[in-house]
Amino acid sequence: MTTSVGKPAVLSLENSVFVEQVNYLFINAYGVIFAAFVLSSLMAAGLWLVTSDPRVIVWILIYSLISVGRVWLVYRYKQNPPTTIDRSRNWANIWSFTQLLPGVMWGLASVLFLDVDNVFTIAILVIFTLGITTGAVSSTASYFPAYFLFLFPSVIPLAWMLISGGGNFIVIGIAICFYAMIGPYFAFQFHKTTIDSLRLRFENLNLIKEANAQRELAERERNEAENANISKSRFLAATSHDLRQPLHSLGLMVSILETTKDEDKRRSVYDQIRTSYAALEGLFNSLLDISKLDAGTQDVNLESISIADFFHELETEFTPLTRPGFTEITFKAADLATRSDPLLLKRVIRNIISNATRFTENGKILVTARKLDEQIVVAVYDQGIGIPEHEMENIFAEYVQLHNPERDRTKGLGLGLAIVRRICQLLDHRFTINSESGQGTVFRLWLPCAELPIDTPEANAEKPPRLELRKNVLVIDDEADIRESMKLILESWGCTVLTADSLSSAQQVLENFDQQIDGVVSDYRLRDNQTGITALDSIRQKHSEEIHGILITGDTSAEILREAKASGYPLLHKPVKPSQLRVALAARHKVRGSL
């Protein structure tokens, strides 16, 4: 089974700005820590020279340990920078705590070493404390809590010691308190400028990404359009060839019928005409299948399918087509069941087996089904000529046949795998192909598991009743030869047939007909830019909602197929078999809920 790895969540603009705010705390953290350590060392040296207090040594050692810990944290951060908002918040809180510790140490220095009777200690502590807190504006203001947690523990003890010392030092203490209040204002301005620049930066980046995405989309669409034109040209060329071949054969056969009176030869010609007709029918049916799948008008009827019974039907169909001693086909299936559309699934597997039989001239074909990871894997193994790796994707394009440059119809039309891909997408069945040139091919199809269907006895099933046709039928088509052909075959079934070449003429014909019309067979494309749907709706509305309507079309475009399906009228595709027409005429149906 395949697994997919989820993409990381895309951050919003505000979250992206916050992540970068936190990143700013660590960008120059090594330099900030080093500068703070140098200043603290110089202050400690000055205090030692003035006071010779051994506590200064202890103080600078503790500060050094804190600095080492902060360096380690910066290293950990840069090894794996956060990309999510939650991890960024965690790092912001951690760094803010590390700002609190140095702030406490600077405040503690004022408590321990400030002596109002020694002006040198006052000067040293005021100069270095105000200097380092001023520098913190640029290094921590991108995240306000980190700035405050360093500022207040540093300067408030200094101001308190000066104010409590009395005398002339009260003014200096008050000035430092004012500094503690005004400092956040300047820090806020710096913070605002930083945030605005970050927001502008990400907005520009988003604009660049959108522009690049639009350019890539345009480039992709241009490439797809070019590939579509190439595919269309190849498709039309191949279709033209495959249509002309049986038509050419039909023309020759008709000419022979006109000139020969030999009954045996005429029977042979009839057989060849049927073959050419079958070739045309197969081509049109394949084109129609692709159009219906692309248009989304292919109905899907899911049901439980016994794999063993399914394989038995395929074995009955394909075994007579193989050549003992040259190509052998074997089916092996366990007692399994799947849920799918039996007709569409059979179409998929039939196409795959057909490909295997065409390109396995001397070898074996094995079709198996087994349960794997709560799925059923149907596999078709062949010892054929294989598929080159660089052609693996091309084989799913319409009219691509790797080993049929002469377009031999006995090797298929090149539409089978195109239909396979579309049906598998429709049924949501995954498939894979493994092959090497000259080494054979393995096609695997993954199906869902299901409960085995319950057998129902059909021995006593009644035969379906004989189809009863509508007696009075109207045929609408703008082609005279089609109207005449339809009239002849319907009359041979005992119908009274009226014909018209447009909706207006159909209305005139019905006005002059003194009986109730039973059914209308209309071509989709009519004169005056009207459609068969319009004609059927108009006739049924004016005469009777009970009138049976049937559409016939030679179009395979997705838009027309969708429109015809939405109308609710039965749709037959040219060339129409007489049996299909007879069934459609005899059927009961609902149109847009009106019947």
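First, the ground rules. This is a predicted model, so I take local features only at pLDDT of at least 70 and side-chain atom pairs only at pLDDT 80 or more, while totals for chains, interfaces and linings use all residues. Residues are numbered from 1 along each chain as its sequence is written, and side-chain values use heavy atoms, with hydrogens and water left out.

W48, L49, V50, I57, L61, V119 and F120 make a nonpolar patch of about 710 Å². By patch I mean residues with over 30% relative accessible area and no salt bridge, with like charges joined within 9 Å and nonpolar side chains (Val, Leu, Ile, Met, Phe, Trp, Tyr) within 5 Å. A salt bridge is a side-chain nitrogen of Lys or Arg within 4 Å of a carboxyl oxygen of Asp or Glu. Areas are Shrake-Rupley with a 1.4 Å probe, and for residues only the protein chains shown count as cover.

Which helices supply at least two residues each? They are α2 (29-51), α3 (55-79) and α5 (119-140). Helices here are DSSP runs (H or I, at least four residues), strands likewise (E, at least two), numbered from the N terminus. The largest share, three residues, comes from α2.

Stay on α2. W48 sits there. It counts as partly exposed, at 35% relative accessibility. S40 is also found in α2. Is S40 buried or exposed? S40 is buried, at 0%. The cut-offs: buried is under 20% relative accessible area, exposed over 50%, partly exposed in between (1.4 Å probe, protein chains only). Leaving aside residues up to four places away in sequence, S40 touches W59, I60, Y63 and W106. Contact means heavy atoms within 4.5 Å.

Now the rings. Phe, Tyr and Trp rings (for Trp, the six-membered one) pair if their centres lie within 6.5 Å; planes under 30 degrees apart are stacked, over 60 edge-to-face, the rest tilted. That rule gives eleven aromatic pairs. Take F26 and Y77: centres 3.9 Å apart, planes at 5°, so stacked. F26 is in α1 (residues 13-27) and Y77 in α3, 51 residues apart. Both are buried. Next, F431 and F443: centres 5.5 Å apart, planes at 10°, so stacked too. This pair links β6 (residues 430-436) and β7 (residues 440-448). F443 is buried, at 6%.

Back to F26 and Y77. With W91 and W95 they form one aromatic cluster.

Last, charges over rings (NZ of Lys or CZ of Arg within 6 Å of the ring centre and within 35 degrees of the ring normal). R430 lies over W446, at 4.0 Å from the ring centre. R582 lies over W493, at 5.2 Å.
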